[in-house]
Amino acid sequence: MGSPHSPDEWLLADSAWWGRWFGRCAVRVRDGVASEPVPEAPAGVPARAVEGTLLPGLRDAHVHCGLVDLRTVRARGISAADDLGGPADVLARLRDDPAAPRLRFAGAFLTAPGGYPSDRGWALPGSFREVGTAADARVAVREQQRIGASFIKIALHSGAGPLLAESVVDTVVTTAHDAGLPVVAHAEGEGTFGMALRHGVDRLAHTPWTEQLPDRALADAAERMVWISTLDIHGHGADTEARRTAIANLRAFAGYGGTVRYGTDLGNGPLPLGVNTREVAALLSAGLSPDEVLASMTDREAPPCWVAGGLEQDPDRFPDSLSTARVLG
């Protein structure tokens with residue numbers, strides 16, 4: 001990684017990314033664990049200057065921990081992750097694993113009885129919770145809250161089995177918000193984006209890809225929602241209609257000032273573990289600058305990352321350069 005790992009040594013890095021991040025700073029690395037960055041090493045303490053870029057932690061905002069090797073994800077540069085649908089026992093084990101990314105999670109998908117993803121072979125037992133009534137919705141939200149959920153996820157998938165009733169969606173959102181928890185929606189198919197927007201859903205687990213959304217809806221969403229990108233699931237590097245539609249929607253959403261978060265839906269098909277260069281390149285294709293891509297990925301509360309030799313600013317070289325980031329600690 002280009003950083004010292006002896007006790008009481010300091011890493012000095014002129015790591016300004018166009019002045020946005022830490023600027024020139026120092027990080028103490030003791031027994032392989034990095035401290036929070038400070039402007040400079042204490043006077044009289046030996047320090048080494050190492051060429052490189054120090055970044056806040058890199059977060060993947062959409063993973064499924066039970067379907068991937070999370071330790072490899074961290075070893076390849078992702079220091080924090082949001083699980084958006086997993087069994088409570090798997091989440092509890094990984095949440096306390098120091099070799100895994102720092103984890104937040106939604107707990108189980110809340111879905112209609114017989115609804116998506118209860119009919120999918122990849123859906124692990126306990127990764128979804130069927131909800132039939134408003135009363136049951138309140139219970140289901142509290143169940144996820146008790147296991148430590150940071151947000152609540154609902155499945156809105158038309159054309160793939162039963163869909164949550166409007167009254168149930170409204171109850172889930174209201175109950176979650178009363179508990180201080182944002183709501184994330186898997187919105188796929190006709191009418192589901194409108195349902196999510198209408199009921200005050202805070203995040204979309206995916207950039208919409210089944211239809212080109214009208215400008216008015218995009219502008220409204222930009223004021224009220226965060227979108228998680230997940231562009232690379234549409235073809236895994238191939239040019240597909242779904243990928244083009246998603247990129248067009250994301251370009252317009254971001255153009256209206258919408259907040260974008262980098263996320264890959266890791267566990268959904270052949271996606272690379274760690275920083276996904278194809279996802280980064282797709283975000284650039286949607287009109288985000290390298291600086292804006294970093295803003296979508298970084299989290300100052302996560303363990304910082306180090307790019308040995310310095311992070312490339314040229315958009316053509318930026319994705320591959322970023323994929324060399326490694327978590328400090």
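User: Let's jump right in. Is the crossing of helix 6 and helix 7 left-handed or right-handed?
Analyst: Right-handed: that is how helix 6 passes helix 7. Keep in mind that this is a predicted model.

User: Which residues make that contact?
Analyst: Helix 6 brings L218, A221 and A222. Helix 7 brings N249, A252 and F253.

User: How many of them are nonpolar, polar or charged?
Analyst: Five residues in the contact of helix 6 with helix 7 are nonpolar and one is polar. No charged residues take part.

User: And at what angle do the axes of helix 6 and helix 7 cross?
Analyst: Roughly 60°, and the axes come within 8 Å. Helix 6 covers residues 215-224, and helix 7 covers residues 241-255.

User: What about helix 7 and helix 8, how do their axes cross?
Analyst: Their axes cross at roughly 55° and come within 9 Å. Helix 8 is residues 277-285. Helix 7 is therefore oblique to helix 8.

User: Which residues meet there, in helix 7 and helix 8?
Analyst: From helix 7, look at R243, I247, L250 and R251. They meet A282, L283 and S285 in helix 8. By class, that contact has four nonpolar, one polar and two charged residues.

User: Zoom in on strand 9 and strand 11. How many bridges do they pair over?
Analyst: Two, in the parallel sense. Strand 9 is residues 109-111, and strand 11 is residues 152-157.

User: Now strand 17. How does it run against strand 5?
Analyst: Strand 5 (residues 52-55) and strand 17 (residues 305-308) run antiparallel, joined by four bridges. G52 stands opposite A308 in strand 17. Strand 17 is also joined to strand 18 (residues 326-327) by two bridges, again antiparallel. There, W306 has R326 as its bridge partner.

User: One more helix. Why is helix 9 largely enclosed?
Analyst: Because six of its eight residues, 290-297, are buried. The buried ones are P290, D291, V293, L294, S296 and M297.

User: What do the buried residues of helix 9 pack against?
Analyst: Several elements. The strands are strand 5, strand 6 (57-63), strand 15 and strand 16 (298-299). The helices are helix 8 and helix 10 (318-322).

User: Last, the overall picture. How many helices and strands are in the protein?
Analyst: There are 10 helices and 18 strands. Of the 329 residues, 54% count as buried. Among contacts between residues at least 6 apart in sequence, 64% join residues at least 24 apart.

Definitions and conventions:
Residues numbered from 1 in each chain as written. Predicted model: local features only at pLDDT ≥ 70, side-chain atom pairs only at ≥ 80, totals over all residues. Heavy atoms only, no water. Axes fitted to C-alpha atoms, helices over the stretch in contact; angles between N-to-C directions. Left-handed = near helix turned anticlockwise from the far one by under 90°. Contact = heavy atoms within 4.5 Å. Nonpolar A, V, L, I, M, F, W, Y, C, P; charged D, E, K, R; others polar. Pairing = 2+ DSSP bridges. Buried < 20%, exposed > 50% of the residue type's maximum accessible area, 1.4 Å probe, protein only. Parallel < 35°, antiparallel > 145°, perpendicular 65-115°, else oblique.
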